[in-house]
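Please examine the sequence and the model shown here.

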Amino acid sequence: MMAFNGQRPSESVRLVSHQHPVVLLPAFLIAGLLLLISVGSMAFFNRGIVLSVLIMAGPILAILKLTLSLYTWRNTLVVITSERVGFFHQKGLLKREFYECPLGAIMQVSHQVSGLSQTIFNFGTVTVNTGDAESSIAIKDVPNPFDIQQEIQNALGR
């Protein structure tokens with residue numbers, strides 16, 4: 001059974017999920033482009049400082065971009081417990097947000113899958129509505145949003 005920082009003694013974890021891995025695709029494309037520029041620069045620049053900088057900077061920047069993206073993805077979690085729904089959202093290296101909603105305050109749970117990529121790869125947004133627009137939680141880019149919605153409904157006992 002999984003535990004997390006801030007878990008209450010009487011609380012049991014029902015589900016933990018990361019965002020869908022497809023959210024990493026832009027980072028992989030950028031890293032690939034950086035590597036392509038680094039290698040492709042050898043064809044356009046004849047020995048010199050510009051070539052040396054491009055050859056060294058491309059792979060380093062690509063690795064940094066991938067590392068940051070993987071760190072962000074790994075630390076962005078949806079947690080459904082016996083008492084609440086929580087969303088740990090890692091934003092970059094130094095910013096992390098936590099949104100939570102007690103199960104007793106939830107009035108409606110919905111999900112949305114929009115667009116070709118979300119439909120093909122089955123990911124989307126789950127919205128937990130409390131009746132108060134300020135305390136509603138939109139959990140974006142989760143895999144199998146219908147299943148997560150149903151797990152929240154099951155935790156509510158509906």
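## An exposed leucine

Leu64 counts as exposed because its relative accessibility is 52%, where exposed means over 50%, buried under 20% and partly exposed in between (1.4 Å probe, protein chains only). Leu64 is placed in helix H2; helices (H or I, at least four residues) and strands (E, at least two) are DSSP runs, numbered from the N terminus.

The model is predicted: local features need pLDDT of at least 70 and side-chain atom pairs pLDDT 80 or more, whereas totals for chains, interfaces and linings use all residues. Residues are numbered from 1 along each chain as its sequence is written, and side-chain values use heavy atoms, without hydrogens or water.

## Nonpolar surface patch

Val39, Met42, Ile55, Met56, Ile60, Leu61 and Leu64 make a nonpolar surface patch of about 670 Å². Patch residues have over 30% relative accessible area and no salt bridge, with nonpolar side chains joined within 5 Å and like charges within 9 Å; a salt bridge is a side-chain nitrogen of Lys or Arg within 4 Å of a carboxyl oxygen of Asp or Glu. Areas come from the Shrake-Rupley method with a 1.4 Å probe.

Helices H1 (25–44) and H2 (49–74) each supply at least two patch residues, and H2 gives the most, with 5.
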